[in-house]
Amino acid sequence: MDEHADVVIVGSRCAGTAAAIAFARRGRAVVALDSAAFPSDTLSTHLFFPHHWAELEMLGARDRVLRLGAPMHTRAGLAAPGVEVVGRFESYRGSSAGSCVRRPGLDLALVETARAAGAEIRERTRVTDLVRDATGRVTGVRYRGRDGSEGTVIGKLVVGADGRRSTVARLVGAAEHHHWDNQRMMAYAYYEDTRDELRNLAMQWRYGDDLVTVFPCDGGQLVALLMPPVARAAEFRDDSEAAFHDAIRRVPPFADRLRGCTRVGKVRVSYSHPSYFRHSHGPGWALAGDAGHFKDPVTAQGIRDALRFGRLLGESTAAHLDEPRELDAALARWEQDRDDQCLPMYQWANQLGRDDAVSPIEDAAYRWFAGRPGGATELLDVFSRNRLPTEVFTVGRLVRWVTAAARNPGVQRGELWRTVRRDVRREIDRIIEQQMFNRRRAASARSLLGPAISAAAPPLHAR
């Protein structure tokens, strides 16, 4: 016999559990299905900023995550050759530190919080198809367990929270209306961290075209993450161990931070992780987390946005589940709100994720922030979503940095002006993308849902 629930969620990690918690707290019957068993790992940078902790607090999961014992990052910094910009975080809704929490513990804490809220989380269960009514509206899912059992769950809303390769997105035909191919790959490994005096510091270094980071995490470990240009992919495919150690040697302060630390486990690699927005709602369905939107991991925003917009999905639609037309309108508002909040960071992440070497203008910017009282906090405010990138990287400041680079006798004038022209072209492209965003999203919606699709309402929440 068919089972029934108010909401069926496909995927039970960050976005899926956040949505499950929000719906269950509002008295809705929730069934969430995941092919994994918990605790289990998944490819992830899992770095936290203060706004991550704020989301965990709102979900009621903060205490469970704190008990995992990850060190609090009270300081963070970005560095280039000869300069470091290190400082403290500004508070975000009462949280003023970051952290780094490995996914097995984090995801289990979220699953336990969802169960405590009243949601049913089923593990080792894969969704194989969607159920639709005579009008084409999605009304449920078909699933298969690892033990071979099969069944159907009927619901008023199906939420795809099943990641970048979302089964739900594929089955509803949700296409990308914006796409950016990653210019940097990702490789990371865990180390036993022997540097107790640095356990409160998260760092990123850029040397040449290398971008590397160290984030102290739970279990007495740290994660050492490399983001080399995709052009180096062949080196990692041939011998990931050798390529990883070559990158460490190329960045002296990175090598110094890892000195005396012993690696635990293998090197994990992601070669392809393009950024995108997908149209994320339709009759009876929605896409949350990476299923609907993914940004370059260089800014480590994916977990926070999965938690936030999973939660907001439940909060903004739970009251409308019994009225299909009202539900569809609420889903449209939710997607508009998500996109309005995420587009600035998506664009900034795509810029930071380019495979450029440190330019003379960037070097001047690093030095300016390093010499400015509170300069590091200004930069960290962008990662914490306290400020928009355009509020920190202003035209006036860009002129100041170009002038400083021009006065630097070590900078070749030809290289500087080539960089200026390149950056101006990129900024024009960014503005055009921003202006065209809603038009391209609307075209994607019409292609998917037909010309009768209604315009999305104004956003529900401030950034």
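Arg93 sits in the loop between β6 (83–88) and β7 (99–100), where strands are DSSP runs of E with at least two residues and helices are runs of H or I with at least four, numbered from the N terminus. The phi angle of Arg93 is near 50°, a positive value in a residue other than glycine. Please keep in mind that this is a predicted model, in which local features need pLDDT of at least 70, side-chain atom pairs count only at pLDDT 80 or more, and totals for chains, interfaces and linings use all residues. Residues are numbered from 1 along each chain as its sequence is written, and side-chain values use heavy atoms, with hydrogens and water left out.

Another loop to visit is the one between β3 (30–33) and β4, which holds Pro39. Here the peptide bond from Phe38 to Pro39 is cis, and its omega is near 5°.

Now look at the chain as a whole. An automatic or database domain assignment sets the bounds, giving domain 1 (3–46 + 102–181 + 274–350), domain 2 (186–270) and domain 3 (357–442). Between the C-alpha centres of domain 2 and domain 3 there are 26 Å. Their contact (heavy atoms within 4.5 Å) takes 4 residues from domain 2 and 4 residues from domain 3.

Next, find a pair of helices. Helix α2 (residues 50–59) packs with helix α9 (residues 302–317) at an angle of about 30°, and their axes are 9 Å apart; the axes are lines fitted to C-alpha atoms over the stretch in contact, and angles run from 0 to 180 degrees between N-to-C directions. On the α2 side, the contact is made by His51, His52, Glu55, Leu56, Met58 and Leu59, and α9 brings Ile303, Arg304, Leu307, Arg308 and Arg311.

Finally, where is empty space left? Rolling a probe the size of a water molecule over the atoms shows this. The structure holds 3 cavities of 30 Å³ or more. A cavity is a set of points, on a 1 Å grid over the protein atoms alone, where a 1.4 Å probe fits but cannot get out, and lining residues have an atom within 4 Å of a point. Grid points are joined across faces, edges and corners, and a volume is the space filled by probe spheres set on the points. The largest cavity contains about 210 Å³ of space. It is lined by 22 residues, and those closest to its centre are Leu47, Phe49, Gln204, Phe215 and Phe383. Domain 1 and domain 2 each give at least three residues to this lining.

Key. 1 Å grid on protein atoms, 1.4 Å probe; cavity = no way out; pocket = protein on both sides within 12 Å on 5 of 7 lines; lining within 4 Å.
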